[in-house]
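Subject: Structure handover

Hello,

Here is the structure I promised to pass on. Please open it next to this email and follow along.

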Amino acid sequence: MSNVHASQPLSVILKSNEAEKPTEKRREDWRKAKELEEARKAGTAPAEVDEEGRDINPHIPQYITQVPWYFGTAQPTLKHQRPQPEKQKQFNDVSDWYKKGVQATVATKFRKGACENCGAMTHNRKDCLERPRKIGARYTGEEIAPDEYIQSQLDFDFDGKRDRWNGYNPDEHKKVVDEFDKTEAAKRHLKAQKLEDDLLKGEVADAETAKVLLEADDEEEEKYADNIDMPGTKLDSKERITVRNLRIREDVAKYLRNLDPNSAHYDPKTRSMRDNPYAHLNKDDTELQFSGDNFVRYSGDTSKMAKQQMFAWQAYEKGLDVHLLAEPTKLELLQREYTVKHDEFERDKKDSVLERYGGEQHLHAPLEQQLLAQTENYVEYTRGGKVIRGQEKAVTKSRYEENEYINNHTSVWGSWWRDGTWGYKCCHNVVKMSYCTGDKGIVAQAENVPHLVPESAALCAPEDDEEPKSLVQVRVARVTLKWVVPVH
């Protein structure tokens, strides 16, 4: 049986009039229903239609077409087998993206609940990322930092997560196109001006010839651009094959430099080995044939080019139209000029400070090691001058509160331990966040535990044969002895 059966809740059946006059299907009715089902499967009878007007496939089994009683429908439907809209997860649209470069408004005075350091409302003082001010914005009311823009949490579907162009603004490419058009127009203007000069000098016969030469130059440039090979490939037009420029066969492969699996990692995808495979030999990098890709990255003019790139970016932000690859000579001259002026400005500033406040003799003082002629700092070097050990990292000071005790305690929770219980060392109290009771608390704890005698009672109470101890002796005994266990 594959016809659709719409079940109804028991409450609906009891309220209906049919419940008063129950009707049972006779054998003839079952036979007609089965014949109708067979006719629908054969295609001689029209299929059932759901509430949306769509046909229901008669070949669907009954356990799928059977509607649960709690679904609450009296007509044939397959809606219970389809995804329910209220249970579907809602995703953001593909066009949605995070807002960039949003400038928040800056307050003119300190607001209640804002960061005491910078004055922003989106974080507190403990989470502030600005440099800690000597006097916070809470007390000065000046230089209030703008509030951070809280980005909305976007939830994309499968396609939205893999959309490479999501968040891309096509207007950004318009700047590149406009700059290219201006460059081409300038080139054509220079060529036309040159041909005009040649025409005046008599090197070109007439204006038609100059026009033909100008168009020929444009076609030659386009032809030259079309014939350029891709980087790393060489196209042989005779044999019509493309040859990849691989490494020289006589060179040793990087992964054969050191076969130890714990040595430098080799990335087969990029064919790079960044670390030094001969680090275990303790040799200078200049003595080795290959010392890793990072040696090439941080040697030669690589760092100089990186500094030039940073200077180009900073100059572009200031309004100078300069590019490292397009105009390297112009960038080099600008950087030299900037370096000279910057050094002169720093020298003048230093001289002005020394001229006003004095103290130039302290700048030429020798080092402390030279003054004392000795030092306790141990530093070990290699033959190449590389530090092996001896210079350790400075311990970063915590930005959280330190050496602050609560409830009149003089020690922190967990500074004392007894019988599997932690407590305070100052009063031997095992209740956290309790108030300090001092020596009286120690005596009370000792009375509760008979086999323990507090150090204050053991040290301060003199015996009959001993002389009274001085305060210095009591202090020394407290430091050396913590508990005195009486021997029975």
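Contact here means heavy atoms within 4.5 Å. Keep that in mind for His-80. Leaving out residues up to four places away in sequence, His-80 touches Ile-64, Thr-65, Gln-66, Val-67, Pro-68 and Phe-71. Please note that this is a predicted model.

His-80 sits in the loop between helix H3 (62–65) and helix H4 (137–140). Is His-80 buried or exposed? Buried means under 20% relative accessible area. His-80 has 16%, so it counts as buried. Its side chain reaches the backbone oxygen of Ile-64 at 3.0 Å.

Now the whole protein. The protein has 14 helices and six strands. Of its 488 residues, 19% count as buried. The accessible surface comes to about 41,200 Å², and 53% of that belongs to carbon and sulfur atoms.

Look at helix H6 next. H6 covers residues 171–201, which is 31 residues. From first C-alpha to last, H6 reaches 45 Å, close to the 45 Å expected at 1.5 Å a residue. The buried residues of H6 are Lys-191, Leu-195 and Asp-198. Gly-202 follows H6, and its phi is positive, near 95 degrees.

Then the charged pairs. Side chains of opposite charge can pair when their charged atoms come close. The structure holds 17 salt bridges. Here are three of them:

- Glu-28 and Arg-31: the closest N and O atoms are 1.9 Å apart. Both residues lie in helix H2 (residues 27–42), three residues apart, so about one helical turn separates them. Glu-28, Arg-31 and Glu-35 are linked in a network of salt bridges.
- Lys-89 and Asp-155: the closest N and O atoms are 3.2 Å apart. This pair links distant parts of the chain, 66 residues apart. Lys-89 is in the loop between H3 and H4, and Asp-155 is in the loop between H4 and helix H5 (158–161). Lys-89 is exposed at 55% relative accessibility, whereas Asp-155 is partly exposed at 26%.
- Lys-349 and Glu-346: the closest N and O atoms are 3.6 Å apart. Both lie in helix H10 (residues 328–357), about one turn of the helix apart.

Last, the surface. Which residues form a nonpolar patch there? They are Val-252, Tyr-255, Leu-256 and Leu-259, with about 430 Å² of accessible area together. Leu-256 is in the loop between strand E2 (241–244) and helix H8 (293–297). Leu-256 is partly exposed, with a relative accessible area of 48%.

Best wishes

Definitions and conventions:
Residues numbered from 1 in each chain as written. Predicted model: local features only at pLDDT ≥ 70, side-chain atom pairs only at ≥ 80, totals over all residues. Heavy atoms only, no water. Helix = DSSP H or I, 4+ residues; strand = E, 2+ residues; numbered from the N terminus. Buried < 20%, exposed > 50% of the residue type's maximum accessible area, 1.4 Å probe, protein only. Polar contact = N/O pair within 3.5 Å; in protein donor to acceptor, adjacent residues only side chain to side chain. Patch = residues over 30% accessible without salt bridge, like charges linked within 9 Å, V, L, I, M, F, W, Y side chains within 5 Å. Areas by Shrake-Rupley, 256 points an atom, 1.4 Å probe, with all protein chains shown as cover. Salt bridge = Lys/Arg side-chain N within 4 Å of Asp/Glu carboxyl O. Expected span 1.5 Å × (residues − 1).
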